[in-house]
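Welcome! Please have a look at the sequence and the structure below, and then follow along through some of the places worth a visit.

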Amino acid sequence: EAELRSEERPLLGVFDDALEARTLTGSVRYNGPGPLRAAGNFGVRRTDVAATDISIPGVDAGRSVVLGLSGEFRPLKRAASLSWLYEAQTERTPRLQEIYIRIGPEQGEYVWVDSNDDGVIQLEEFVQETTPNEGTYARTYVPSDSLFGIVGVRARARLDLQPRRLIRSPATALAKALAGITSATTIEVTEKNRSTETFDLYALRQSRFRKPGLTLNGRLLLRQTLGYARPGSRLEADVSASRVQSIADLAAGLEERLLSALEGALRYRVSTVVRLRGRLRGEQNRVESESFSSRVFDLRTRSLSVGVDLSPSQRVSIGGGGDLSRVNDRFSERSAVLVKLPIEMRYQSAGKYQLSGRFELANVSLTGSATGLAEFELTDGRGAGTSTLWSLVGQWALNNNLRASLAYDGRAPAAAPVIHTMRMQLSAIF
């Protein structure tokens with residue numbers, strides 16, 4: 001499809017030729033009988049601005065390109081599944097400013113903690129809520145007045161493997177082991193970049209991505225998971241590795257983040273009533289901010305979690321255990337040791353109601369000083385000292401048309417008043 005558009009705008013008190021834009025767009029789709037599905041679209045626009053001493057707001061001469069590709073490929077009886085998405089375009093976008101809006105506990109996810117006791121709200125004093133419905137602020141980003149010409153790219157690919165779809169009747173030990181394995185690999189890239197090397201950005205050349213001074217917003221996600229859960233086996237295992245690297249050039253300054261984690265989990269069913277579980281996790285959480293000292297840290301976490309789940313009947317289940325974590329900050333002399341003892345209970349009656357409760361006793365030994373986001377991450381939102389958390393969630397089917405729900409959470413920090421939050425809801429279906 002082709003389009004030619006000419007515009008006249010008031011210049012110096014009279015209407016005159018302002019711009020001429022030529023646009024070419026198209027799309028293609030393949031949806032055959034085989035394992036491949038694919039779709040694509042493209043658009044190219046050339047804009048010529050009339051020669052004048054007065055600029056036209058929001059309009060630049062030049063060429064803009066929009067490109068989109070998506071699809072999936074599922075060969076080998078769907079034992080392998082590959083999906084992808086690619087979007088790229090040239091655009092004008094503003095630098096964003098981080099702000100927090102008070103909207104109440106219904107949608108809020110952040111709380112304000114006056115770290116320096118000056119009574120003045122500051123950006124670095126906002127942290128995420130520890131318990132649901134506790135936050136009364138929402139974080140958002142508003143655009144500034146200045147616009148930048150950028151190339152925006154978003155790409156995602158995911159590969160899932162399920163060998164059991166190829167093994168109909170596993171007879172050997174190797175075949176049985178392969179039948180229980182699942183794998184998922186995810187790669188995701190987003191970038192808004194001011195570089196003039198547009199071809200490198202469209203081609204996803206990572207050496208051009210996440211560059212201070214050029215990138216307005218960029219993110220790279222790598223995730224790999226492996227699972228083992230063979231039918232009839234008492235043992236289940238999961239291993240996952242992830243890495244998220246991001247950079248944001250905000251109005252308050254540059255902020256870079258890196259979050260990587262390696263985790264392994266085991267679950268063993270002793271009987272129909274008892275199941276054991278354990279988890280090991282190593283994590284790096286690094287944040288570097290030009291403007292906020294509480295957002296400068298490099299936390300290395302090592303944690304061990306063990307527990308047992310009891311299911312004496314279909315209505316009742318109880319779980320308990322313990323978590324031990326040690327966190328060190330490579331950027332400063334501060335560390336924390338966390339011990340958490342959670343207990344969870346569930347009671348349900350099919351089609352009538354469901355109740356679940358949780359109680360946690362936590363102790364955090366903090367060495368060194370920390371405020372804001374650094375303290376929240378060091379202590380996992382619990383704060384230094386001994387604290388308790390508890391919650392109760394209930395859902396009831398009063399009749400064929402009425403449903404009721406209740407969510408209550410409580411938290412008793414070591415050096416702050418007890419916090420209670422509760423939410424009730426009644427819905428009718430006709």
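The second largest pocket has a volume of about 660 Å³. A pocket here is an open set of points on a 1 Å grid over the protein atoms alone, with protein on both sides within 12 Å along at least five of seven lines, and its lining residues have an atom within 4 Å of a point. Grid points are joined across faces, edges and corners, and the volume is the space filled by probe spheres set on the points. Of the 26 residues lining this pocket, V113, E375, R411, P413 and A416 are the closest to its centre. By class, the lining of the second largest pocket has 13 nonpolar, 8 polar and 5 charged residues. Nonpolar covers Ala, Val, Leu, Ile, Met, Phe, Trp, Tyr, Cys and Pro; charged covers Asp, Glu, Lys and Arg; the others, Gly among them, count as polar.

Before going on, a word on the source: this is a predicted model, in which local features need pLDDT of at least 70 and side-chain atom pairs count only at pLDDT 80 or more, while totals for chains, interfaces and linings use all residues. Residues are numbered from 1 along each chain as its sequence is written, and side-chain values use heavy atoms, with hydrogens and water left out.

The protein chain averages a pLDDT (the predictor's confidence in each residue, from 0 to 100) of 89, and 93% of the residues score at least 70. Over residues 53-59 the pLDDT is below 50, and this stretch has 10 contacts (heavy atoms within 4.5 Å) in the model beyond near neighbours in sequence.

Back at the second largest pocket, β6, β7 and α3 (372-379) each supply at least two residues of its lining. The largest share, 4 residues, comes from α3. These names follow DSSP runs, numbered from the N terminus: helices are H or I with at least four residues, and strands are E with at least two.

Helix α3 is mostly covered, as 6 of its 8 residues are buried; buried means under 20% relative accessible area, exposed over 50%, and partly exposed in between, with a 1.4 Å probe and protein chains only. The buried ones are G372, L373, A374, F376, L378 and T379. Their cover includes β7, β12, β14 (297-310), β15 (316-329), β16 (334-349) and β17 (353-367).

Just after α3, D380 takes a positive phi of about 55 degrees. Most residues other than glycine have a negative phi.

About 70 Å³ of space lies in the largest cavity. The elements giving two or more residues to its lining are β5 (80-102) and β12 (253-269). Among the lining residues are Q97, E98, G253 and E255. By class, this lining has 5 nonpolar, 4 polar and 3 charged residues.

Where does E188 lie? E188 is in strand β9 (residues 181-193), and E188 counts as buried because its relative accessible area is 17%. Leaving out residues up to four places away in sequence, E188 touches A155, R156, R219, L220 and L221.

Notes. 1 Å grid on protein atoms, 1.4 Å probe; cavity = no way out; pocket = protein on both sides within 12 Å on 5 of 7 lines; lining within 4 Å.
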